[in-house]
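Take a moment with the sequence and the fold before reading on. The paragraphs below go from the whole chain down to single residues.

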Amino acid sequence: MTDIKFCGLKTGQDVAAAEAAGARWTGFIFFEKSPRHTGPALAGELAHLAKSSETVAVTVNPDDDLLARIRDAMHPDWIQLHGSEPPQRVVQARAYAKRGIIKALPVSEAADLEAAKPYDRVADMLLFDAKPPRGADRPGGLGVGYDYGLLKSLQISVPWLLSGGLDANNVSAAVAAAGASAVDVSSGIESAPGVKDAAKMKAFAAALAV
């Protein structure tokens, strides 16, 4: 069974659909340039609705004030650091999460995997995403994939998630190519930027159950 993180949820219906599709993690994004952005207050309401999934607060180079507001509003199981945070910042941020830290790292070629080594056993989980396109104003692959097979050679001791350009049509092959046991998806389960589609969530999960 491949564990799924449905990310960028913005409504109670999103949370219900994600959990109905079997999400292990439900993710809420704190980054104003993203169409999936939620503030602490809304994320707190949504996290309260998550009954069977672990909640993830997705941040980009957050300061302590934002982490404290997220902690107080939603008490996240996990905090995801999706910026350029160094290993020491991972250690500091752990105080704001109940379970631990997911550190996201960008990938486009085999050499990029070297960046994972300083975070191994520092972060509690890693997430490998596509590098953003040149000129992008936010991190992440923005719905673009990469050679998932690059991750087959990973030698790390902590759990990790495959992310970047995944949808119901390619996720099964991507998991097989990467050797992944967990995946993260956001734009691949949307009908429009920031608008989640319950049918696409269901199809995504079904593709992994084959």
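Start with the whole. This is a predicted model. The protein holds six helices and 10 strands. Its C-alpha atoms fill a box of roughly 40 × 40 × 35 Å along the principal axes. How does the radius of gyration fit a compact globule? For 210 residues, such a globule would have a radius near 17 Å; the protein has 16 Å, which agrees.

Now look at the interior and the surface. Buried residues make up 52% of the 210 residues. Take the contacts between residues at least 6 apart in sequence: 53% of them join residues at least 24 apart. The accessible surface comes to about 9,300 Å². Carbon and sulfur atoms account for 52% of that surface.

Turn to helix 2, residues 40-49. Its buried residues are Pro-40, Ala-43, Gly-44, Leu-46 and Ala-47. What do they pack against? Two helices are partners: helix 1 (12-20) and helix 3 (64-74). Strand 2 (25-30) and strand 3 (54-59) also take part.

Step back to Gly-39, in the loop between strand 2 and helix 2. Is Gly-39 buried or partly exposed? Gly-39 has a relative accessible area of 25%, so it counts as partly exposed; the cut-off for buried is under 20%. Gly-39 and Ile-70 are 31 residues apart along the chain, yet their C-alpha atoms are separated by 8.3 Å.

Next comes Gln-80, in strand 4 (residues 78-81). With a relative accessible area of 2%, Gln-80 is buried. Which residues does Gln-80 touch, beyond those up to four places away in sequence? The run Val-56, Ala-57, Val-58 and Thr-59 is among them. Gln-80 also touches Lys-5, Ile-102, Ala-104 and Leu-127.

Move on to Val-158, in the loop between strand 6 (125-130) and strand 7. Val-158 counts as buried, at 11% relative accessibility. Leaving aside neighbours within four places, Val-158 is in contact with Asp-120, Arg-121, Ala-123, Asp-124, Met-125 and Leu-126. How far is Val-158 from Gln-80? The two are 78 residues apart in sequence and 15 Å apart in space, C-alpha to C-alpha.

Finish at helix 5, residues 171-178. Val-171, Ala-174, Val-175 and Ala-178 are buried there. The face turned away from the buried side carries the exposed residues Ala-173 and Ala-176. The buried residues of helix 5 pack against strand 7 (160-162), strand 8 (182-185) and helix 6 (198-209). Just after helix 5 sits Gly-179, with a positive phi of about 75 degrees.

Terms used
Residues numbered from 1 in each chain as written. Predicted model: local features only at pLDDT ≥ 70, side-chain atom pairs only at ≥ 80, totals over all residues. Heavy atoms only, no water. Buried < 20%, exposed > 50% of the residue type's maximum accessible area, 1.4 Å probe, protein only. Helix = DSSP H or I, 4+ residues; strand = E, 2+ residues; numbered from the N terminus. Contact = heavy atoms within 4.5 Å. Rg over C-alpha atoms; globule rule 2.2 N^0.38 Å. Areas by Shrake-Rupley, 256 points an atom, 1.4 Å probe, with all protein chains shown as cover.
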